[in-house]
Amino acid sequence: MREKVYIISSAQISAQEPFCSVDRFVPVPWEESMLPCKDPDFRPFISPMAARRMNPILKRSIAVSRQALQDASIQCPDAIVTGTGNGCVADTEVFLTKMLEEGETMLNPSKFICSTPNTIGSQIAITLGCRGFNSTHVNDRFAFEGALLDSMMLLESGNCKNVLLCTSDQLTQVFYSLVDRETIWKGLPVSEGSVAFVLSSDPQGAVCLVEDLVQTRSKPIWELDRLFSRRGLTWNDIDIVLTSSFPGKSASDFPFLPSDKPVLEYKQYCGQYLSASAFGMFAGSGILRGKGGRALLAGRSKDTYSFILISSNLS
Amino acid sequence: MHGRIAITGAGIISALGTGLDETCRILMDEICPITPLRHLVSTHSNLPCGEVDFSDSQLYELCHEDKERPLSRSSLLGIIAARQAEQDAALQPGTRVALINGTTVGGMDITERNLENFLKSSDFDSLIPLHLDGVSTDAIADSLSVDVAYTDTLSTACSAAANALAFGAELIRSGRFDVVLAGGSECITRFHLNGFNSLMILDENLCRPFDASRKGLNLGEGAGFLVLETREHAMARGARVRAFLDGWGNSCDAFHQTASSPDGEGAYLAMVKALQVAGLKPSDIDYVNAHGTATENNDLSEGVALRRVFGSRMPLVSSTKSFTGHATSAAGALEAVISVLCLQRRFVPANLRFENRDPQLDFSPVVHTLKDMPLKHVLSNSFGFGGNDSSLVFSSSTL
């Protein structure tokens with residue numbers, strides 16, 4: 001018997017107002033640009049001493065994690081699972097650029113130390129004093145999905161009662177100038193953001209249920225059919241679809257979506273970044289909190305697809 | 001709950017060579033392949049490293065890849081090891097599998113050679129996406145004959161491959177996949193060679209894990225993959241079982257970004273959890289393939305944790321990083337493949353260059369490779385920056 005997976009709380013820092021909920025989201029200008037996220041005052045979350053040495057991606061990750069944990073009334077989770085497409089890119093760039101410009105002899109290790117993607121999860125663990133399970137997924141545009149699947153398996157098996165799931169990606173000038181060359185990034189508002197969820201196998205105080213997650217490199221229709229039949233669902237049971245598509249592109253990205261289904265393209269609120277699908281689940285769970293029902297989150301990058309089902313029906 | 005996780009295929013490329021037989025022979029004969037840099041171009045060419053002794057161009061030829069297809073060295077190594085594993089397991093082409101890769105540098109070798117070109121000209125644009133860890137995993141997936149329905153990339157620094165194997169085992173336990181290819185792939189880059197060098201944890205001489213005179217690690221590189229499936233699935237298709245992956249444990253030391261705690265708490269918890277999952281007592285473990293990087297701090301912390309787990313009944317211990325160097329994110333995969341070989345071919349590899357016991361560590365590792373050793377259970381440790389500590393338990397196929 002698998003335990004169920006509930007979303008208890010969530011928090012976001014993005015191009016939207018920090019920590020605001022989906023009903024206050026406003027679309028971002030959809031144009032070729034660097035779209036930095038809006039940072040909160042970090043003082044309630046991190047001591048000024050610690051914050052001074054911290055890269056923004058670490059401050060944001062700790063802030064959303066602490067906010068979500070506080071909302072779930074949990075001090076120290078059983079596990080911390082992190083998803084990031086490109087990790088601590090700013091510190092990586094500083095160390096790399098210094099090495100290329102100044103040579104290999106007089107390098108300071110401080111930026112290297114914080115360059116690995118797992119710096120995010122380990123800094124959260126150090127801040128919380130959490131010695132539980134700790135892992136980091138870095139799978140390009142599906143880092144969030146990998147981290148969610150890891151979290152779900154920890155809860156379903158009963159190995160953990162609750163999990164802190166945090167995703168983060170960061171925008172830098174160099175990163176922007178490089179990805180802007182690629183056709184799949186061209187002409188977009190390239191952004192950044194951090195999202196945290198507290199997931200639990202206990203429905204107490206839950207916002208919604210994470211019913212299922214599949215990801216496939218080649219067979220979206222086959223996998224979606226399998227997902228629906230496994231859950232005993234048809235399209236009639238889906239109230240809204242949240243897609244990873246750019247505004248107006250859902251029908252071409254997901255030609256198998258019924259045309260009468262309400263669709264929300266959440267990137268109109270957060271721009272494009274690698275772990276933006278976490279922002280999509282933040283938006284989806286926020287909508288279900290207000291309206292109830294069942295949402296399908298549909299993600300796509302090239303030929304890889306992901307489908308996540310969330311429902312306000314907790315049973 | 002599904003049954004035990006059988007290991008039905010293995011592939012490896014490292015400083016020890018290519019494939020299971022060559023790897024085994026070098027370990028048996030106690031040959032140390034660590035030398036000053038031969039392939040990576042760096043100011044620090046004097047530093048001893050466990051490089052895979054092929055240039056990128058030779059690796060392309062070895063895996064019959066078109067040189068027009070841009071591939072990072074990590075991906076090239078990964079393709080070679082993952083292909084060996086799928087062939088070793090005799091998986092039918094088209095079998096639905098998940099590929100779980102542990103890596104941190106991804107395509108950093110490409111980026112560090114080309115960053116200035118990227119910024120100056122558009123001629124190199126096709127190389128830019130290779131930087132991402134996930135892209136290096138998908139490149140491996142695209143080169144296999146099995147149907148890779150799902151890929152994921154774990155990046156927990158030097159425990160990444162161990163966590164990839166644990167995640168792969170969970171995918172099978174949860175019933176989501178029947179067959180998983182899991183492991184890790186990582187090449188040496190100037191970026192992390194210089195990172196470790198700036199931390200002053202690289203030994204200018206050959207590394208000496210657990211020795212009182214140890215001065216730091218030697219970097220290594222390589223890739224290793226295991227084919228995991230349930231025992232029932234393996235039996236149904238008549239596959240040969242090389243060993244079982246019976247336990248996995250993960251804990252965060254939550255102490256310091258680069259240093260391990262003096263009481264080895266994270267390492268201790270990871271080992272205890274792995275034993276719990278395997279349903280074993282500490283005294284069931286015959287051999288520990290230690291993380292044993294040969295830094296002052298790691299070996300002391302790991303030694304303290306080992307003593308806490310095993311008490312007065314310390315099993316045989318060695319660090320095969322004295323042969324391979326520290327292959328960072330791939331280390332857990334190389335050592336997983338070596339652990340499987342130890343169980344199957346009944347040997348315990350030496351911890352090379354151990355001479356003097358550290359007064360702070362009240363045990364000595366295995367000094368010479370032991371042959372004809374019937375092993376039942378082997379524990380393999382992988383610890384990473386950030387305190388990401390993981391342990392795996394491998395068991396003999398005869399149990």
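Predicted model: local features only at pLDDT ≥ 70, side-chain atom pairs only at ≥ 80, totals over all residues.
# A tour of the two-chain model

Cys160(A) touches Asp78(A), Ala79(A), Phe133(A), Leu154(A) and Leu155(A), leaving aside residues up to four places away in sequence. Cys160(A) lies in the loop between helix 6 and strand 5 of chain A. Buried or exposed, how does Cys160(A) count? Cys160(A) has 21 C-beta neighbours inside 10 Å, and 20 or more make a residue buried, so Cys160(A) counts as buried.

**Strand 5 of chain A**

Next, select residues 162-169 of chain A, which form strand 5. Eight of its eight residues are buried, so strand 5 of chain A is largely enclosed by the rest of the structure. In a regular strand, side chains alternate between the two faces of the sheet. Show the side chains here: Asn162(A), Leu164(A), Cys166(A) and Ser168(A) point one way. Val163(A), Leu165(A), Thr167(A) and Asp169(A) point the other way.

Which strands pair with strand 5 of chain A? Select residues 79-83 of chain A for strand 3, which pairs with strand 5 of chain A in the parallel sense over five bridges. Within that pairing, Val81(A) has Leu165(A) as its bridge partner. Then select residues 193-200 of chain A for strand 7, which runs antiparallel to strand 5 of chain A and is joined to it by eight bridges. There, Ala196(A) is the bridge partner of Cys166(A).

**The two domains of chain A**

Colour chain A by its domain assignment: domain 1 covers 5-200 and domain 2 covers 210-311. Their C-alpha centres lie 22 Å apart. The contact takes 40 residues from domain 1 of chain A and 26 residues from domain 2 of chain A. On the domain 1 side, strand 1 (5-13), helix 6, strand 5, strand 6 (189-190) and strand 7 of chain A each give two or more residues. Helix 6 of chain A gives the most to that side, with six residues. By class, that side has 21 nonpolar, 13 polar and six charged residues.

**Across to chain B**

Now display both chains. In the contact between them, 48 residues of chain A meet 53 residues of chain B. Elements of chain A that each supply at least two residues to this side include helix 3 (89-102), helix 6 (143-156) and strand 8 (208-216). The side of chain A that touches chain B has 18 nonpolar, 22 polar and eight charged residues. The predictor gives the complex an ipTM of 0.97 and a pTM of 0.98.

**Inside chain B**

Chain B has an average pLDDT of 96, and 99% of the residues score at least 70. Its domain assignment gives domain 1 (5-236) and domain 2 (246-396), with C-alpha centres 20 Å apart. Here 61 residues of domain 1 of chain B are in contact with 57 residues of domain 2 of chain B. Select helix 6 (160-173) of chain B, one of the elements supplying at least two residues to the domain 1 side. Helix 6 of chain B gives the largest share of that side, seven residues.

Finish at Leu226(B). Leu165(B), Val180(B) and Leu226(B) have the most contacts inside the largest nonpolar core, which has 225 residues. Among the residues that Leu226(B) touches are Ile7(B), Ala85(B), Leu165(B), Ala182(B) and Val337(B).

Notes: Residues numbered from 1 in each chain as written. Chains lettered and ligands numbered in written order. Core = buried A, V, L, I, M, F, W, Y, C linked by C-beta atoms within 7 Å. Buried ≥ 20, exposed ≤ 12 C-beta atoms within 10 Å, placed from the backbone. Contact = placed C-beta atoms within 7 Å. pLDDT = per-residue confidence, 0-100. Helix = DSSP H or I, 4+ residues; strand = E, 2+ residues; numbered from the N terminus. Pairing = 2+ DSSP bridges. Nonpolar A, V, L, I, M, F, W, Y, C, P; charged D, E, K, R; others polar. Domains from an automatic or database assignment.
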